[in-house]
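Hi everyone, thanks for coming. Let me walk you through one model, starting with a pocket and the helices around it.

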Amino acid sequence: FDNQAATHAMTRHLIGLGINTLVVAAEAATLAMLIAAVAGWLVVRHQAGARLIEVLSSIPIVFPGIVVGVALILIALNLPIPLYGSLTLIMLAFLIRFLPYAMRYAHTGVLQIHRELEEAAGASGAGQFTVFRKIVVPLLVPALVSGWVFIFLLGANELSMSILLAGANSQVMPVAIYDRWSSGQNVEVFALGLVWTAFMSVLMLTLYLTGRRFLAALRPANL
């Protein structure tokens with residue numbers, strides 16, 4: 001009974017780690033693509049502050065993940081709110097680190113949208129926000145979905161920042177695998193790594209097929 005209880009406890013722990021990993025990666029990917037959609041449109045259409053936005057959104061790619069992690073630790077320790085050791089801090093690290101990738105997807109997507117569509121909407125009396133919401137965003141969905149999946153997969157397997165920022169109650173799967181490897185639990189590392197790799201492979205295939213169906217359903221409406 002003790003072994004069975006320990007097995008159930010370990011299973012619940014690993015499931016919790018998996019949920020933490022997926023939630024953090026999904027939140028970071030969603031926020032990154034939302035920010036990139038607006039920023040990419042402003043940059044491509046040369047709106048006010050476009051140059052500054054482009055530079056700021058590209059800076060994080062210069063720094064290694066460890067540097068971003070250390071910087072966030074120093075910031076979190078000086079904040080009045082208990083942010084250090086939380087999943088929120090890990091999510092913010094992913095958001096900062098992967099925002100340049102989101103910008104590339106959004107930037108490329110906006111470049112494929114003819115400016116005449118926005119000008120026609122503007123000539124019909126639509127404001128900038130309405131043009132962005134009803135013209136740009138629907139046509140930008142394929143690029144945003146592709147960028148979301150890419151950033152989600154990067155976040156779900158990120159270690160360099162997670163290992164610095166994870167706390168006792170905010171671990172993610174890559175950190176758990178590393179902790180077991182560093183403590184010499186090679187059998188558990190192999191088993192856990194195999195299960196996580198298989199799960200992520202199935203999830204990636206599911207996202208790919210779902211994304212294809214979703215985009216295929218959008219095409220007739222956009223055309």
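**A pocket and its helices**

The lining of the second largest pocket takes at least two residues from each of α1 (2-44), α2 and α4. Before I go on: this is a predicted model, where local features need pLDDT of at least 70, side-chain atom pairs count only at pLDDT 80 or more, and totals for chains, interfaces and linings use all residues. Residues are numbered from 1 along each chain as its sequence is written, and side-chain values use heavy atoms, with hydrogens and water left out.

Back to our pocket. The lining residues include Ile 35, Ala 39, Ile 53, Ser 57, Leu 99 and Met 103. By class, the lining has 10 nonpolar residues, one polar and no charged; Ala, Val, Leu, Ile, Met, Phe, Trp, Tyr, Cys and Pro count as nonpolar, Asp, Glu, Lys and Arg as charged, and the others, Gly among them, as polar.

How do α2 and α4 pack, and at what angle? Helix α2 (residues 50-58) and helix α4 (residues 87-111) pack at about 130 degrees, their axes 8 Å apart. That makes α2 oblique to α4, as angles under 35 degrees count as roughly parallel, over 145 as roughly antiparallel, 65 to 115 as roughly perpendicular and the rest as oblique. On the α2 side, Glu 54, Ser 57 and Ser 58 meet Leu 99, Pro 100, Met 103 and Arg 104 of α4, where contact means heavy atoms within 4.5 Å.

Leaving aside neighbours within four places in sequence, Ser 162 is in contact with Ile 90, Phe 94, Val 172 and Val 175.

Key
Axes are lines fitted to C-alpha atoms, for helices over the stretch in contact, and angles run from 0 to 180 degrees between N-to-C directions. Helices (H or I, at least four residues) and strands (E, at least two) are DSSP runs, numbered from the N terminus. On a 1 Å grid over the protein atoms alone, a cavity is a set of points where a 1.4 Å probe fits but cannot get out, and a pocket is an open set with protein on both sides within 12 Å along at least five of seven lines; lining residues have an atom within 4 Å of a point.
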